[in-house]
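Welcome! Take a look at the structure, then read on.

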Amino acid sequence: MGCAAAAFLAEAGARVELFERGELAGAASGRNSGAVQHPFDPVLAELHEETLGHYRELDGFDLPEEPAGVLLLARERAPLVPTVAEIAAGQPELQPALLDPRELRRIEPRLGRKIWGCRLETGYPVQPAAATLGFAERARRAGAELHEGRPAWPWVLGRGVRGVLAGGRHFAAGAVLVAAGPWAPEVIDPTRAWRPIVPVWGVVLEVSVEDPPRHVLEQLGVEGLAGVKSGSEPAAPPESIFSMVAANGSVSVGSTFLAEEPDAPTWAGQLRRAGEPFVPALSRARVEGARACARPQSLDGRPLVGPAGGIDNLWIAAGHGPWGISTGPATARLAADALLGRAEPRPELLASRFSG
């Protein structure tokens, strides 16, 4: 998000400095499962379509020409039937198709014999960090200055932002955009009284599997993670949902949805066992490593893009949950246009919808 916004702003002629407290792509943008896919929400779907266009133009990012397909998997037919009908009604472009175990194994022989599925026309396996690094290089070429290992905080005087404070130095700026993922609210409000985004921790395993599935595999339930929710708290996700993504020789298995930061290696056995009914070969797979990252989950499943904190010229762009890699660049473009006065922020994405 930050690197894409930096690129768009710098290419428009703005003077841009980006401050990253760790290393670029060191968090969720470089540690996710690596699947760019439709997010099952009409607003996010629009951002997703635009994001695909940005990726196709991004140097150093290998987006497949066609989607590999997403397979939603279940152990029985019954729970898939309403899901297929709902997706067909709401997102017919995904061409949902209910597949019995025989049909499923015809297109993916590595799947279990008693598994049912729904195939969707979406899902692009990619290397997770490549998008962030590609936008970082694009921002540098446009003149942006990127600082790694430099935590920064808004420099506020009165009710207006003057720039950022980093390493004891003041850096003047006409506007500040906070794109700090799950930590964005505390950057804007260190008292943590304003928490429209919370961290939801995911663990992903890197495994070695001979002849892995070509499709993006997701246990039934992932489509519910994007639904726009009402109320003051996000709906509690399941503790884990099986997923599997193979991209450029790397196979990722996940994932968890946890409120607290996990010890990633301790989840290896549980995640592998959870996936064995779907892909039996996982019982013989060698775990090459485990990684954890915090997804920025907003209260209604949609990102926050717009003025924040009631402070003049302080902005936020964060809160995509599991859909950051699928919708983030388009969100960054929206933020850049709003900052430059090219467009008004969209009401359904304004940070003020959670100001209370």
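Let us begin at the surface: Arg141 is exposed, with a relative accessible area of 51%. Keep in mind that this is a predicted model. Arg141 forms a salt bridge with Asp59, and their closest N and O atoms are 3.6 Å apart. From there, the points below go through salt bridges, aromatic rings and the backbone.

**Salt bridges**

- Side chains of opposite charge can pair when their charged atoms come close.
- How many salt bridges does a search of the whole structure find? The search finds 15.
- The bridge between Asp59 and Arg141 links distant parts of the chain, with the two residues 82 apart.
- Asp59 sits in the loop between H3 and strand S3 (70-74), while Arg141 belongs to helix H6 (residues 128-141).
- The side chains of Glu137 and Arg140 meet in a salt bridge at 3.8 Å, N to O.
- Glu137 is partly exposed at 37%, and Arg140 is partly exposed at 37% too.
- The closest N and O atoms of Arg333 and Asp337 are 2.9 Å apart in their salt bridge.
- Is Asp337 buried or exposed? Asp337 is buried, at 14% relative accessible area, whereas Arg333 is partly exposed, at 23%.
- Arg333 and Asp337 are also part of one network with Glu50 and Arg342, joined by salt bridges that share partners.

**Aromatic pairs**

- A pair of aromatic rings is described by the distance of the centres and the angle of the planes.
- The structure has 5 aromatic pairs by the rule used here.
- One of them is Phe40 with Trp323, an edge-to-face pair with 6.1 Å between the centres and 70° between the planes.
- Another pair is Phe242 with Phe278, which is stacked, with 5.2 Å from centre to centre and 0° between the planes.
- Phe242 lies in strand S14 (residues 240-247), and Phe278 lies in the loop between helix H8 (268-275) and strand S16 (286-298).
- This pair, too, links distant parts of the chain, here 36 residues apart.
- Phe242 is buried at 2% relative accessibility, and Phe278 is buried at 1%.

**Charges over rings**

- The charged end of Arg21 sits over the ring of Trp183, at 4.5 Å from the ring centre.
- Arg295 lies over the face of Phe257, and here the distance to the ring centre is 4.2 Å.

- Most residues other than glycine have a negative phi, and most peptide bonds are trans.
- Which peptide bond is cis, with omega near -5°? The answer is the bond from Gly254 to Ser255.
- Ser255 belongs to strand S15 (residues 250-256).
- Gln95 is not a glycine, yet Gln95 has a positive phi, near 50°.
- You can find Gln95 in the loop between helix H4 (80-90) and strand S4 (97-99), where Gln95 is exposed at 53% relative accessibility.
- Arg192 is another residue other than glycine with a positive phi, about 65°.
- Arg192 lies in the loop between helix H7 (184-188) and strand S12 (197-208), and Arg192 is exposed, with a relative accessible area of 52%.

Methods:
Residues numbered from 1 in each chain as written. Predicted model: local features only at pLDDT ≥ 70, side-chain atom pairs only at ≥ 80, totals over all residues. Heavy atoms only, no water. Phe/Tyr/Trp six-rings, centres within 6.5 Å; stacked < 30°, edge-to-face > 60°. Helix = DSSP H or I, 4+ residues; strand = E, 2+ residues; numbered from the N terminus. Buried < 20%, exposed > 50% of the residue type's maximum accessible area, 1.4 Å probe, protein only. Lys NZ or Arg CZ within 6 Å of the ring centre and 35° of its normal. Salt bridge = Lys/Arg side-chain N within 4 Å of Asp/Glu carboxyl O.
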